[in-house]
Amino acid sequence: MRDFAAELERRKQAGLYRTRRLISGPQQPELVSDGVPLLSFCSNDYLGLASHPDIIRAAIDAMPHTGLGGAASHLICGHHDGHHQLEIRLAAFTGRSSALFFSTGYMANMGVISALAGRGDTIFSDRLNHASIIDGCILSRARVRRYPHGDMEALADMLATTGGHKLVVTDGVFSMDGDIAPLKELAALCRAHDALLVVDDAHGVGVLGPQGRGSIAELGLSEEDVPILIGTLGKAVGTSGAFVAGPKLLMDYLVQKARTYIYTTAMPPAIALATCASLDLIEKEDSRRSHLRALIRAFRLGASALGYELMPSRTPIQPIMVGDNWSALALSQALEQKGLMVTAIRPPTVPDGEARLRVTFSAAHSIADLEKLLTALAECRPLLKRPSAEVV
C-alpha cells in the first residue's frame with residue numbers, strides 16, 4: 001500500500017498542501033471565511049449575480065411547481081420542462097441551433113470530448129487548457145497532441161501532418177492567465193484542415209461580447225466557425241451547472257454518447273428556471289460589464305504602478321505573478337491579515353515556478369473595495385523582490 005501520509009507531508013514541505021475554507025452566508029465580495037469577515041477577490045461570480053434577489057426569487061417561485069430534486073437522469077424521467085426551457089433559452093442566447101444542460105462544467109468537458117473523439121482519432125489541445133479538458137482528452141483514449149499556448153503556427157504544422165478525425169479543443173478565456181484564445185485563427189485552421197473545433201468559454205460567457213454572449217460572439221463567429229461551444233453557469237451567470245451548444249445533429253449525438261450526461265441525475269429544475277432569470281439580467285444589464293471593465297482598468301494601472309507583474313489580460317482574471325510557492329503563500333497570507341482574501345495558485349494548477357495570486361473582479365465590487373485592495377498591495381509590496389515587467 002502507498003504511504004499516503006508521507007505523500008501529504010511532502011506536499012506540505014513543498015508548499016503545495018491545500019486546505020478548504022468554511023464560508024458562511026451568501027457568496028458576495030464581503031463574506032465570512034472560517035468565522036472571519038473578509039473582502040474577497042477570488043470568486044468567479046464576475047457579474048455579482050450569485051446572490052441576486054431576482055434569481056433567488058425565481059428559484060423559490062419555481063419549487064412549488066417543480067419540487068426540489070432532479071429525481072433521475074435526463075434519459076430516464078429526469079428531463080423536466082424547466083430544463084427544456086433553459087436549453088431553448090441557452091441556444092437563443094448563444095446564437096446556436098440547440099443546447100444541452102449539463103450538471104457541471106467539468107462533466108460537460110469530460111462528456112463532450114470523450115464522445116466526439118475516440119481510439120484512432122487525434123485531439124489537439126492548448127497546453128494551458130483547464131484540467132477538465134485535459135481529463136476529457138485522456139478519457140477519450142484518442143491520441144492527444146498538446147500545442148504551445150496560443151501558438152497557431154505550431155498547431156497548423158500538427159494539423160497538416162495528421163490524418164483521420166481531428167478535434168481541436170481550447171479554453172475561450174484561460175482560467176489562470178486571463179488571456180483569450182486566438183479564436184478567429186483557430187476557426188480558420190479547423191476549416192482548412194477539416195477539424196472539429198470545441199471552445200470552452202466558461203470564463204467568457206456573461207462577461208465578454210454583446211450582451212455578455214461570450215468571447216465567440218465578441219468576434220462574430222458563427223456556429224459554422226465554432227461548432228461546439230461549452231459554457232458554465234456557476235461563474236458569471238451566478239447559478240449552477242453548465243451547457244453545450246451547437247448544431248442539433250451534434251447535440252443529438254451527445255445525448256446518445258456523452259456518458260457524463262447520460263449517467264447523471266438531472267439538475268434540480270428550479271435551478272434551470274433561475275438560470276433563465278439570470279440570462280434575462282445578463283442581457284439587459286450592460287452596466288455591470290461597464291463597471292467591471294472600469295475596475296479592471298483601474299486595478300491594472302494601480303498594481304503596475306506598485307511594481308507588480310501582471311499578465312496581459314483584459315478579463316476579470318488578473319493574476320499577480322510571484323514565482324515560488326512560498327512567496328505566493330506569504331503574500332496571500334499578508335493580504336488576509338489586512339482583511340482581504342486573494343488565493344495563491346500553485347502547481348500543478350499552474351506550471352512550476354509560476355505561482356501567483358489570482359485576483360478576480362466582480363461587478364459587485366465597489367471602487368472603495370478596489371482602493372482597499374491597492375492600499376493593501378502597496379503595504380505588502382516589500383514582501384516580493386521580483387521586479388515588474390508588465391506594461392499596461
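Leaving aside neighbours within four places in sequence, Gln318 is in contact with Ile296, Phe299, Arg300, Ser313, Leu357, Val359 and Phe361. Contact here means heavy atoms within 4.5 Å. The model is predicted: local features need pLDDT of at least 70, side-chain atom pairs count only at pLDDT 80 or more, and totals for chains, interfaces and linings use all residues. Residues are numbered from 1 along each chain as its sequence is written, and side-chain values use heavy atoms, with hydrogens and water left out.

**Two residues in their surroundings**

Gln318 sits in strand E12, residues 317–323. Helices (H or I, at least four residues) and strands (E, at least two) are DSSP runs, numbered from the N terminus. Gln318 counts as buried because its relative accessibility is 0%. Buried means under 20% relative accessible area, exposed over 50%, and partly exposed in between (1.4 Å probe, protein chains only).

Arg288 lies in helix H13. Its relative accessible area is 19%, so Arg288 is buried. Leaving aside neighbours within four places in sequence, Arg288 is in contact with Leu47, Gly48, Leu49, His52 and Ala363.

Both residues also make side-chain polar contacts. A polar contact is a pair of N or O atoms within 3.5 Å; within protein, one must be able to donate a hydrogen and the other to accept it, and residues adjacent in sequence count only if both atoms are side-chain atoms. A salt bridge is a side-chain nitrogen of Lys or Arg within 4 Å of a carboxyl oxygen of Asp or Glu.

| Side-chain pair | Kind | Distance |
|---|---|---|
| Gln318 and Arg300 | polar contact | 2.6 Å |
| Arg288 and Glu285 | polar contact | 2.4 Å |
| Arg314 and Glu218 | salt bridge | 2.8 Å, N to O |

**The domain interface**

The protein chain is divided into domain 1 (15–51 + 286–384) and domain 2 (70–267). These bounds come from an automatic or database domain assignment. The domain centres, taken over C-alpha atoms, are 28 Å apart.

How many residues of each domain are in contact with the other? Domain 1 gives 22 and domain 2 gives 19. The area buried between them is about 1,600 Å², with 59% from carbon and sulfur atoms. Buried area is the accessible area (1.4 Å probe) that two parts lose on being put together, summed over both.

The rule finds 2 salt bridges across the interface of domain 1 and domain 2. Between the domains, 8 residue pairs are in polar contact, both residues at pLDDT 80 or more. On the side of domain 1 that touches domain 2, the elements giving two or more residues are helix H13 (286–305), E12 and strand E15 (355–360). H13 gives the most, with 3 residues. The residues of this side divide into 12 nonpolar, 4 polar and 6 charged. Ala, Val, Leu, Ile, Met, Phe, Trp, Tyr, Cys and Pro count as nonpolar, Asp, Glu, Lys and Arg as charged, and the others, Gly among them, as polar.

**Backbone details**

Most residues other than glycine have a negative phi, and most peptide bonds are trans. The peptide bond from Pro347 to Pro348 is cis, with omega near 10 degrees. Pro348 lies in the loop between strand E14 (344–345) and E15.

Asp34 is not a glycine, yet has a positive phi of about 50 degrees. Asp34 is in the loop between strand E2 (30–33) and strand E3 (36–40). Asp194 also has a positive phi of about 50 degrees. The loop holding Asp194 runs between helix H8 (183–192) and strand E8 (195–200). Is Asp194 buried or exposed? Asp194 counts as exposed because its relative accessibility is 68%.
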